[in-house]
Amino acid sequence: MTTPPANFIGINISGTQARAALVDHAGALLETNVAEVTPKQLIPQLAAMAEDLSRRGPVAAIGVAIPGLVNRQTDRVIAPRELPPTMVEDLHGELTRATGLRVELENDANAAAYGEYKAGAGLGASNMFYMMIGNGIGGAIILDGKLWTGASGFAGEVGHITIDTEGLECVCGNTGCLETVASGPNIVRRARERLHRDNTSSLSRLALNKSFTADDVAHQANEGDDFALMMIERTGKYIGTGVATVINLLNIERIVLGGGVMDAGSLILNPIIQEAKRRAFQPCFDATEIVIATLGLDGAPIGAALLARDASAE
Ligand SMILES: [Zn+2]
């Protein structure tokens with residue numbers, strides 16, 4: 001009897017939550033698992049998750065996706081934006097020592113992109129651009145089956161392309177980045193500003209809820225609230241402007257849009273496509289399919305596991 005091929009674990013760390021996926025050598029999803037993590041106990045907590053998933057058979061490697069950038073040369077976490085306190089600079093080294101397994105560290109947008117490419121909305125495309133629109137806006141480029149991470153690992157930072165040269169200051173130091181208008185927290189900020197400015201918008205149900213989130217804006221838009229609908233449409237225009245830039249730059253076959261903001265579904269996808277069509281070079285636009293991600297929160301852990309698998313095969 002031959003031993004079965006080993007499995008692979010992917011873990012996405014987001015704030016105080018770690019979401020894990022176990023995949024087999026063929027990429028089939030075997031199990032998912034979610035756990036709370038704390039800054040002080042992060043390494044033993046992740047090691048415990050890995051050990052728990054190892055009960056289904058030997059594990060060959062772990063991929064870890066983080067909401068920050070990873071220097072591919074040094075495997076160190078670097079933080080141009082605010083990272084959750086759970087993040088440790090030498091996550092790679094510490095987790096390798098704690099588990100005895102090979103560890104691959106990757107930016108969460110890159111991992112989610114790889115998950116969608118191999119197992120979600122990117123299936124069938126050879127080249128793909130992925131945008132993650134949530135608390136921040138990240139992006140990733142996959143060319144001929146491989147993540148193209150650039151000279152030092154930071155390619156695809158579409159959230160920091162300039163949309164408004166006179167816009168607000170961004171966490172990256174630039175002003176008027178796409179992220180300063182279209183990320184979840186910035187959708188809320190814009191909605192709040194308008195609610196204060198504009199009397200008719202006080203009819204919106206959002207005016208009744210002092211601590212609404214971007215999810216609430218999407219929910220109210222789905223319920224037919226005119227003000228929420230307008231906010232989602234305008235956000236779609238901003239994102240579509242960014243998408244047009246990507247289309248012109250890469251002439252890419254498929255653009256997959258993920259992250260919490262895309263939970264608004266066609267309400268936001270339609271204005272994105274319209275604006276991209278209006279602004280992009282027509283022959284480039286015609287060659288691009290723009291779709292919503294299908295793996296949801298499992299995209300990043302599945303992608304991290306598949307990145308670990310494919311890095312092990314090299
Ligand atoms: Zn920026």
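Asp144 sits in the loop between strand E9 (137-143) and strand E10 (146-147); strands (E, at least two residues) and helices (H or I, at least four) are DSSP runs, numbered from the N terminus. The structure is a predicted model, in which local features need pLDDT of at least 70 and side-chain atom pairs count only at pLDDT 80 or more, while totals for chains, interfaces and linings use all residues. Residues are numbered from 1 along each chain as its sequence is written, and side-chain values use heavy atoms, with hydrogens and water left out.

Most residues other than glycine have a negative phi. Asp144, however, has a phi near 50°, a positive value in a residue other than glycine. With a relative accessible area of 65%, Asp144 is exposed (buried means under 20% relative accessible area, exposed over 50%, and partly exposed in between, with a 1.4 Å probe and protein chains only). Asn251, also not a glycine, has a positive phi of about 45°. The loop that holds Asn251 runs between helix H7 (226-250) and strand E11 (254-258), and Asn251 is partly exposed at 47% relative accessible area.

Next comes a helix pair. Helix H1 (residues 42-53) packs against helix H2 (residues 91-99) at an angle of about 50°, and their axes are 9 Å apart; axes are lines fitted to C-alpha atoms, for helices over the stretch in contact, and angles run from 0 to 180 degrees between N-to-C directions. H1 is therefore oblique to H2, given that angles under 35 degrees count as roughly parallel, over 145 as roughly antiparallel, 65 to 115 as roughly perpendicular and the rest as oblique. On the H1 side, the contact (heavy atoms within 4.5 Å) is made by Leu42, Ile43, Leu46, Ala47 and Ala50. H2 contributes Leu91, Glu94, Leu95, Ala98 and Thr99.

Pro58 is found in the loop between H1 and strand E4 (59-66). Its relative accessibility of 51% counts as exposed. Leaving aside neighbours within four places in sequence, Pro58 is in contact with Ala6 and Asn7.

Finally, there is the metal. His160 (ND1), Cys170 (SG), Cys172 (SG) and Cys177 (SG) coordinate the zinc ion at 2.0 to 2.3 Å; donors are N, O and S atoms within 2.8 Å of the metal (3.2 Å for Na, K and Ca), and water is not among the atoms, so sites may look incomplete. Angles among the 4 donor atoms are 104 to 122°, and the site is tetrahedral (four donors with all angles between 85 and 135 degrees). Both Cys170 and Cys177 are buried.

How values were computed:
Tetrahedral: all angles 85-135°; square planar, octahedral: opposite > 155°, others 65-115°.
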